[in-house]
Amino acid sequence: MKTKLLGKTPDELKAIAVSVGLPAFTGKQIAQWMYQKKVKSIDEMTNISKAGREKLAEKYELGVVAPLDVAVSPDGTKK
């Protein structure tokens, strides 16, 4: 089972990047992709090398999951 990246702090992401052989600054890039650009897969992180993305994907996943249920109120808002 792969470890989820979502919910990790920038310092934790930095340590993860270093652990798979990537430069420390890659942790900040991962954080930007997940928390600002809201990517749905590691492959979408295009400023990280393809080899780097493959190394990440071997042990980690983003952890983004689809909602189990969506409730729609009469005014159209969704929960």
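**Figure 1. The end of helix 2 and Lys38.** In this predicted model, helix 2 is followed by Lys38, whose phi is positive, near 55 degrees. Most residues other than glycine have a negative phi. Lys38 sits in the loop between helix 2 and helix 3. Is its side of the story buried or exposed? With a relative accessibility of 56%, Lys38 counts as exposed, because the cut-off for that class is over 50%.

**Figure 2. Buried residues of helix 2.** The buried set in helix 2 is Thr26, Gly27, Gln29, Ile30, Ala31, Trp33 and Met34. Their cover includes helix 1 and helix 3. An α-helix has 3.6 residues a turn, so residues three or four places apart point the same way.

Figure 3. Gln29 belongs to helix 2. Its relative accessible area is 15%, so Gln29 is buried; the limit for buried is under 20%. Which residues does Gln29 contact, leaving aside neighbours within four places in sequence? They are Asn47 and Ile48.

**Figure 4. Met45 in its loop.** Met45 is placed in the loop between helix 2 and helix 3. Lys38 lies in the loop between these two helices as well. Lys38 is exposed, at 56% relative accessibility, whereas Met45 is buried, at 0%. Residues up to four places away in sequence aside, Met45 touches Ile30, Trp33, Met34, Val39, Arg53 and Leu62. Of these partners, Ile30, Trp33 and Met34 are among the buried residues of helix 2.

**Figure 5. Helix 1 and its buried side.** Helix 1 covers residues 10-19, and Leu13, Ile16 and Ala17 are buried in it. Why do they share a side of helix 1? They cover an arc of only 100 degrees around the axis, which puts them on the same side. The packing partners of these buried residues are helix 2 (26-36), helix 3 (50-59) and strand 2 (60-61). Helix 1 in turn is part of the cover over the buried residues of helix 2.

**Figure 6. Gly21 after helix 1.** Gly21 follows helix 1 and has a positive phi, near 90 degrees. Lys38 follows helix 2, also with a positive phi, near 55 degrees. Gly21 and Met45 are 24 residues apart in sequence. In space, their C-alpha atoms are 16 Å apart.

**Figure 7. The whole chain, for orientation.** Three helices and two strands make up the secondary structure of the chain. Their order along the sequence is β-α-α-α-β. The radius of gyration is 15 Å, well over the 12 Å that the globule rule gives for 79 residues, so the chain is more spread out than a compact globule. The C-alpha trace spans about 50 × 25 × 20 Å along its principal axes. Buried residues account for 29% of the 79 residues. Of the contacts between residues at least 6 apart in sequence, 45% join residues at least 24 apart.

**Figure 8. Surface and charge.** The chain exposes about 5,600 Å². Carbon and sulfur atoms supply 57% of this area. The chain carries 14 positive and 9 negative charges.

Conventions:
Residues numbered from 1 in each chain as written. Predicted model: local features only at pLDDT ≥ 70, side-chain atom pairs only at ≥ 80, totals over all residues. Heavy atoms only, no water. Buried < 20%, exposed > 50% of the residue type's maximum accessible area, 1.4 Å probe, protein only. Helix = DSSP H or I, 4+ residues; strand = E, 2+ residues; numbered from the N terminus. Arc of directions from axis to C-beta. Contact = heavy atoms within 4.5 Å. Rg over C-alpha atoms; globule rule 2.2 N^0.38 Å. Areas by Shrake-Rupley, 256 points an atom, 1.4 Å probe, with all protein chains shown as cover. Lys, Arg positive; Asp, Glu negative; His and termini not counted. Charge placed at Lys NZ, Arg CZ, Asp CG, Glu CD.
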